[in-house]
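Let's take a walk through this structure together, one region at a time. Keep the picture handy as you read.

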Amino acid sequence: MRPAWSVLLLTTLIGAGQGLFLALFGAEVFGMGGSTLFVPGAAAALALLGAGLVASFFHLGRPERAWRSAAKWRTSWLSREVIVLPAFMAVVLAWGVAHKLGEPTLALGTAGVVLALALFVCTGMIYACLPFLQEWRTPLTIVNFALLGSASGLTAAAALAAWLHAPLARPFVAAALAVGALAYLGRLAALARNTRLRPKSTLATAIGVKHPRIVQIAQGAMGGSFNTREFFHRRPREAVRAVRWALLVLVFPVPALVLLSGKYSAPVLGAAFILQYAGLLAERWYFFAEAKHPQNLYYQAIA
Amino acid sequence: MTTKQLALVIDLNVCVGCHACVTSCKGWNNDGAAGPLSDQNPYGADPTGTFFNRVQTFEVGEFPNTETVHFPKSCLHCEDPPCVPVCPTGASYKRAEDGIVLVDYDKCIGCKYCSWACPYGAREVDQEQKVMKKCTLCVDRIYDPKLPEAERKPACVLACPTSARLFGDIHDPASDASRAIREQGGYALMPEWGTHPANHYLPRRKTEKRLHPDELERHDNPLKVDGLLPRPAPDEPALDDVTSW
């Protein structure tokens with residue numbers, strides 16, 4: 001599949017936003033922190049979620065009709081995501097405002113947790129529900145979206161805390177390391193699983209000719225088509241391998257080293273978040289690039 | 001299974017890969033009420049455009065024992081279409097009355113998710129209208145009472161010079177399409193995904209003529225002379241080694 005920047009930004013930004021909210025509310029539940037952290041924190045989470053939402057519009061051919069996409073929530077995970085994301089943003093906003101006004105926040109925060117987790121499931125299921133994209137068809141897709149989002153959110157929370165509420169930086173760093181390690185393991189498991197995949201579809205099943213050797217001669221168009229643009233990333237193997245290395249290094253090991261440096265200052269922890277976010281972009285790019293769509297069997301040769 | 005399911009049955013044994021179905025499809029659907037099937041840079045170096053139907057060519061086997069298979073590919077109007085439930089707006093739908101899978105171009109937001117959910121690559125985004133498009137089985141033709149009944153068929157079916165494309169209700173066991181599927185080994189593409197495509201393909205067949213001795217003589221043998229021709233002696237000249245001067 002061709003990685004689309006709009007989708008890479010959407011899934012990584014809202015993942016970090018969800019993770020940041022979960023981190024902040026977690027701190028609140030443990031009785032740590034205060035509105036000096038939670039109000040700007042909620043604003044930061046909203047900024048991440050809003051940026052993701054804006055990015056998603058660039059994926060649409062007809063963004064002015066985006067409101068229609070809430071219609072089929074009974075069958076479509078994409079429709080469910082479209083509903084849950086604004087609902088979650090509204091709750092985060094209300095939670096932040098409640099902190100600002102000194103109103104009770106526990107019920108709002110709990111609703112936020114439910115919606116954040118639901119949003120992870122929706123986002124993951126958009127990919128995991130497609131049976132023939134075998135690389136995505138695994139519970140690991142949802143688990144990794146949730147864990148990677150939470151890890152980056154915790155790193156962001158650590159950076160925010162170092163800036164606004166220093167005593168919380170250390171526990172956030174510890175949590176970011178723990179969840180980041182888990183996320184890294186989950187991602188490694190998905191990578192290992194996907195290298196062992198055998199494609200179910202072959203040219204023999206694609207055109208129904210039972211012969212082991214079938215070669216495409218022509219695909220019916222010489223200048224390419226939607227099918228050749230949308231489903232192939234067209235990057236050389238070396239570039240894909242480089243992104244894979246970037247993901248392996250930047251998603252956890254490098255940010256972990258920065259987090260372990262023992263410097264609980266906002267610039268250092270902010271740098272850790274930026275490094276990890278770059279790793280997440282590489283991770284999401286690779287997530288798309290490694291998925292081989294069976295339709296590609298029909299688009300192997302130009303003429 | 002009792003409701004109607006319109007579909008194409010494509011005979012790969014007969015298709016010669018002439019692309020008449022492609023051009024007639026483009027011609028009909030480019031002029032339709034739903035707007036043009038746009039092309040980009042059609043006469044330039046890198047032409048591209050939206051098509052409902054494409055003819056692809058495959059080589060089967062290893063040289064010199066190869067076979068060329070021309071393979072027309074369009075939306076298969078699956079009985080369990082994976083593209084429909086994923087559509088967030090309901091723009092993609094399967095008609096209950098005849099099983100045609102359609103896109104409402106006025107509702108489509110162009111998110112391309114349905115094309116990800118189609119294992120066959122049957123859907124293409126129109127670069128100009130920015131919405132998803134796909135074969136409609138010429139839904140604006142097949143029910144048109146202004147057309148003579150024989151022409152109420154998809155444009156590709158009417159255009160095919162070798163009659164490689166049959167059109168009909170595959171749930172009606174008496175239809176030509178059903179009979180062809182039943183009697184000529186009709187099969188579905190990528191059955192492994194459980195999409196149950198309505199369109200079927202008829203396989204390539206070995207075409208060889210078997211001659212039986214009785215075919216060398218006329219059945220009624222009117223003058224009772226078939227088979228009685230005198231044979232030339234081995235040293236005599238003969239026209240064809242059988243008949244004598």
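Start with the lining of the largest pocket, whose residues split into 13 nonpolar, nine polar and seven charged. Keep in mind that you're looking at a predicted model. The pocket itself has a volume of about 630 Å³, and 29 residues line it. If you want to find its centre, look for Glu135(A), Glu290(A), Ala291(A), Lys292(A) and His293(A), the lining residues that lie nearest to it. In chain A, the elements that each give two or more residues to this lining are α6 (169-195), α9 (237-250) and α11 (266-289).

Now hop over to the second largest pocket, with a volume of about 470 Å³. It is lined by 25 residues, and Leu10(A), Ser56(A), Leu78(A), Glu81(A) and Val82(A) are the ones closest to its centre. Which elements give two or more residues to this lining? From chain A they are α1 (5-29), α2 (35-57), α3 (77-101) and α4 (106-128), and chain B joins in with α3 (113-116). The largest share, six residues, comes from α3(A). As for the kinds of residues here, the lining of the second largest pocket has 19 nonpolar, five polar and one charged.

That bit of chain B leads us to the place where the two chains meet. Chain A brings 59 residues to the contact, while chain B brings 53. Between chain A and chain B, the buried area is about 4600 Å², and carbon and sulfur atoms give 60% of it. Of the area that chain A buries against chain B, 13% is supplied by Phe132(A), Phe226(A) and Tyr298(A), more than by any other three residues.

What about links between the chains? There is one salt bridge between chain A and chain B. It pairs Glu59(B) with Arg213(A), and their closest N and O atoms are 4.0 Å apart.

Finally, look at the side of chain A that touches chain B. Here α3, α4, α7 (203-207), β1 (214-218) and α8 (226-230) of chain A each supply at least two residues. Which of the elements gives the largest share? That's β1(A), with five residues. Sorted by class, this side of chain A has 31 nonpolar, 20 polar and eight charged residues.

Methods:
Residues are numbered from 1 along each chain as its sequence is written. Chains are lettered from A and ligands numbered from 1 in the order in which they are written. This is a predicted model: local features need pLDDT of at least 70, side-chain atom pairs count only at pLDDT 80 or more; totals for chains, interfaces and linings use all residues. Side-chain values use heavy atoms; hydrogens and water are left out. On a 1 Å grid over the protein atoms alone, a cavity is a set of points where a 1.4 Å probe fits but cannot get out, and a pocket is an open set with protein on both sides within 12 Å along at least five of seven lines; lining residues have an atom within 4 Å of a point. Grid points are joined across faces, edges and corners, and a volume is the space filled by probe spheres set on the points. Helices (H or I, at least four residues) and strands (E, at least two) are DSSP runs, numbered from the N terminus. Ala, Val, Leu, Ile, Met, Phe, Trp, Tyr, Cys and Pro count as nonpolar, Asp, Glu, Lys and Arg as charged, and the others, Gly among them, as polar. Contact means heavy atoms within 4.5 Å. Buried area is the accessible area (1.4 Å probe) that two parts lose on being put together, summed over both. A salt bridge is a side-chain nitrogen of Lys or Arg within 4 Å of a carboxyl oxygen of Asp or Glu.
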